[in-house]
Amino acid sequence: MRSSRPLAVVVVVAAMTTACAVVTPSRSPATTEAKFGRPVTETDIAPWDIDIRTSNGKGLPPGRGGVAEGKAVYEAKCLACHGPDAKGGPVYGSMVGGIGSFTTSTRVLTPGSMYPYAPILFDYIRRAMPMDKPLSLSANEVYAVSAYILNLNGLVPADAVMDQTSMPKVQMPNRDGFILDDRPDTHAVRCMRNCP
Ligand code: HEC
């Protein structure tokens, strides 16, 4: 009878499932280890382990880049969206100026006016830019284009070179402009084991 076939299939699948379920609990403690995958290696983790402690630059990678090289990177890979001299383009507004505007009601958000720490620029550009090709820049290119943007904002001289040591030392004008969020319900206590 044609119409009884689907039911027969269901019964067979159900029987197989039950059979598997019976086998599973018989594992001894020694065999509870997963039998798939492989231990993750430091090399596997490296491309993901790119966070930077922006207040002191911890985690900034080796490499270096100066303002002139940064201008070349900018013109090849950023100008189309951000416009000449980072003053605004078809996709995003200016990344230059606005310094001091944070205390006014017409504040202008640029890396120079807003970021409290220069390594934020490295972290953000490396992760997110160019917007159509994130994570495609070398560390040298990111250092260089960061140096260029900082220079356009008047925060480093034209011969400045950014690297692990120099970048955290750049004093950003809005360094003390942020306040800690001290509302009582934001006091999350870090917990790694036996957490409530
Ligand atoms: C395809 C367009 C595009 C390209 C190419 C591009 N950007 Fe952007 N960029 C954007 C957009 C859109 C934003 C705003 C993103 C947002 O607010 O989430 C942005 C934001 C930024 C910001 C943050 C600005 C701020 O005021 O905080 C920086 C810095 C930046 N881009 C740098 C770069 C650099 C450096 C390059 C080249 C290596 C680049 N961008 C290439 C589209 C682009």
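Begin with the whole chain in this predicted model. Read along the sequence, its elements follow the pattern α-α-β-α-α-α-α-α-β. That gives seven helices and two strands. Of the 196 residues in the chain, 26% are buried. Among contacts with a separation of 6 or more, 59% are between residues 24 or more positions apart.

Next, colour the chain by pLDDT, the predictor's confidence in each residue. The average over the chain is 85, and 84% of the residues score at least 70. Now select residues 1-26, where pLDDT stays under 50. The model has zero contacts beyond four places in sequence for residues 1-26. Leave this stretch aside for the rest of the tour.

Select the ligand and the residues around it. How many residues are around the ligand, and which come nearest? There are 20, and the nearest are Cys 78, Cys 81, Met 129, Pro 130 and Met 131. Helix H4 (79-82) and helix H6 (119-128) are the elements that give two or more residues to this shell. By type, the shell divides into 16 nonpolar residues, two polar and two charged.

Stay with Pro 130 for a moment. Pro 130 is in the loop between H6 and H7. Look at the peptide bond that joins Met 129 to Pro 130: this bond is cis, with omega near -10°. Most peptide bonds are trans.

Move on to the largest nonpolar core, which has 30 residues. Select Ala 118, Phe 122, Val 145, Ala 147, Tyr 148 and Ile 149, the members that touch the most other members. Helix H3 (67-77), H6 and helix H7 (139-152) each supply at least two residues of this core. The largest share is from H7, with nine residues.

Pick Phe 122 alone. Not counting residues up to four places away in sequence, Phe 122 touches Ile 52, Leu 60, Val 142, Tyr 143, Ser 146 and Met 167. Then widen the selection to the buried residues of H6, which are Pro 119, Leu 121, Phe 122, Asp 123, Ile 125 and Arg 126. What do the buried residues of H6 pack against? They pack against helix H5 (111-114) and H7.

Now go to H3 and select its buried residues: Val 67, Gly 70, Val 73 and Tyr 74. They lie on the same side of H3, because they cover an arc of only 110° around the axis. An α-helix has 3.6 residues a turn, so residues three or four places apart point the same way. Show strand E1 (64-66), H4 and H7 as well; they are among what covers the buried residues of H3.

The last stops are two residues in loops. Most residues other than glycine have a negative phi. Asp 85, in the loop between H4 and H5, has a positive phi of about 55° although it is not a glycine. Is Asp 85 buried or partly exposed? Asp 85 counts as partly exposed because it has 15 C-beta neighbours inside 10 Å.

Finish at Leu 135, in the loop between H6 and H7. Leu 135 is not a glycine either, and its phi is positive, about 65°. Leu 135 has 10 C-beta neighbours inside 10 Å, so it counts as exposed.

Key:
Residues are numbered from 1 along each chain as its sequence is written. This is a predicted model: local features need pLDDT of at least 70, side-chain atom pairs count only at pLDDT 80 or more; totals for chains, interfaces and linings use all residues. A residue is near a molecule or strand if its C-beta atom, placed from the backbone, lies within 6 Å of it. Helices (H or I, at least four residues) and strands (E, at least two) are DSSP runs, numbered from the N terminus. Ala, Val, Leu, Ile, Met, Phe, Trp, Tyr, Cys and Pro count as nonpolar, Asp, Glu, Lys and Arg as charged, and the others, Gly among them, as polar. A residue is buried if 20 or more other C-beta atoms lie within 10 Å of its own, exposed if 12 or fewer, and partly exposed in between; C-beta atoms are placed from the backbone. Two residues are in contact if their C-beta atoms, placed from the backbone, lie within 7 Å. A nonpolar core is a set of buried Ala, Val, Leu, Ile, Met, Phe, Trp, Tyr and Cys residues joined through C-beta atoms within 7 Å. The arc is that of the directions from the helix axis to the C-beta atoms. pLDDT is the predictor's confidence in each residue, from 0 to 100.
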